[in-house]
Amino acid sequence: MKETTCIRVYADEKQIKKCKKEIEKVGDSIELLSNALSLAGNGIRLKILYLLFHQERLCVCDLSDILFMSPPAISQHLRKLKDGGLIQNQRVAQTIYYSLNEPYKLLFEGFFEKIGKNQILETV
């Protein structure tokens, strides 16, 4: 593999300093987004996140019926999302409901609002 080299003649120190400050300022948000995108990169998990965003809370059986999947398969996806910190659960009697954690509601808001209105397909 051929090694790439930089042939920059002049380094814009002001720009570099500004960019370093910007990255430092948004570092935590980038980590949050990176974690979310890593877990949401699976189509089923993205659908689950979309549904939880719009419905506030759903149980395994609800998701199983909606996505035409077995409860154990849904549970595996929920476990990954929960372990990654994207969702939380709450027991009500015998039923466990899942919902998005607050930082991820805000993070996904722009994506899911556009998907819900089919605005993404209109721009492609």
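User: Let me start with the cut-offs: exposed means over 50% relative accessible area, buried means under 20%, and partly exposed is in between. Going by that, is Asp 83 buried or exposed?

Analyst: Asp 83 is exposed, because its relative accessible area is 57%, over the 50% cut-off. Do keep in mind that this is a predicted model.

User: Thanks! Which side chain does Asp 83 meet in a salt bridge?

Analyst: Asp 83 forms a salt bridge with Arg 79, at 3.2 Å from N to O. Both residues sit in helix H4, which covers residues 71-83, and they are four residues apart, about one turn of the helix. Arg 79 counts as partly exposed, at 46% relative accessibility.

User: Why does that spacing work in a helix?

Analyst: An α-helix has 3.6 residues a turn, so residues three or four places apart point the same way.

User: Nice. How many salt bridges turn up in the whole structure?

Analyst: The search finds four. Among them is one between Glu 56 and Lys 105, with N and O 3.9 Å apart.

User: What else does Lys 105 pair with?

Analyst: The side chain of Lys 105 also meets Glu 102 in a salt bridge, at 3.5 Å from N to O. Those two are three residues apart in H5, about one helical turn. Put together, Glu 56, Glu 102 and Lys 105 make up a linked network of salt bridges.

User: And how accessible is each member, starting with Glu 56?

Analyst: Glu 56 has 48% relative accessibility, so it counts as partly exposed. Glu 102 is partly exposed too, with a relative accessible area of 46%. Lys 105 is at 25% relative accessibility, which also makes it partly exposed.

User: Which residues of H2 are buried?

Analyst: The buried ones are Arg 45, Ile 48, Leu 49, Leu 51, Leu 52 and Phe 53.

User: OK, switching to the inside. Which residues touch the most other members of the largest nonpolar core?

Analyst: That core has 23 residues, and the ones touching the most other members are Ile 48, Leu 49, Ile 74, Leu 78, Leu 86, Ile 87 and Phe 108. At least two core residues come from each of helix H1 (13-40), H2, helix H3 (60-67), H4, strand S3 (95-100) and H5. H2 gives the most, with five residues.

User: Tell me about Leu 49: what is it in contact with, beyond four places in sequence?

Analyst: Leu 49 contacts Ala 40, Leu 81, Leu 86, Ile 87, Leu 100, Phe 108 and Phe 112.

User: There's a histidine I'm curious about. Is His 77 buried or exposed?

Analyst: His 77 is buried, because its relative accessible area is 14%, under the 20% cut-off. His 77 lies in helix H4. Not counting residues up to four places away in sequence, His 77 touches Asn 42, Ile 44, Arg 45, Ile 48 and Met 69.

User: Last topic, the sheet. In what order do the three strands run?

Analyst: The order is S1-S3-S2, in an open sheet with antiparallel pairing. S1 and strand S2 (87-92) are at the edges with a single partner strand each, so one side of each has no neighbour in the sheet.

User: How many bridges join S1 to S3?

Analyst: Two bridges join S1 to S3, and Leu 58 stands opposite Tyr 98 in S3. S2 and S3 pair over six bridges. In that pairing, Arg 91 has Ile 96 as its bridge partner, and Val 92 has Thr 95.

User: And what sits between S2 and S3?

Analyst: S2 and S3 form a hairpin with two residues between them, and Ala 93 in the turn has a positive phi of about 60 degrees.

Methods
Residues are numbered from 1 along each chain as its sequence is written. This is a predicted model: local features need pLDDT of at least 70, side-chain atom pairs count only at pLDDT 80 or more; totals for chains, interfaces and linings use all residues. Side-chain values use heavy atoms; hydrogens and water are left out. Buried means under 20% relative accessible area, exposed over 50%, partly exposed in between (1.4 Å probe, protein chains only). A nonpolar core is a set of buried Ala, Val, Leu, Ile, Met, Phe, Trp, Tyr and Cys residues joined through side-chain atoms within 4.5 Å. Contact means heavy atoms within 4.5 Å. Two strands pair if DSSP finds at least two bridges between them.
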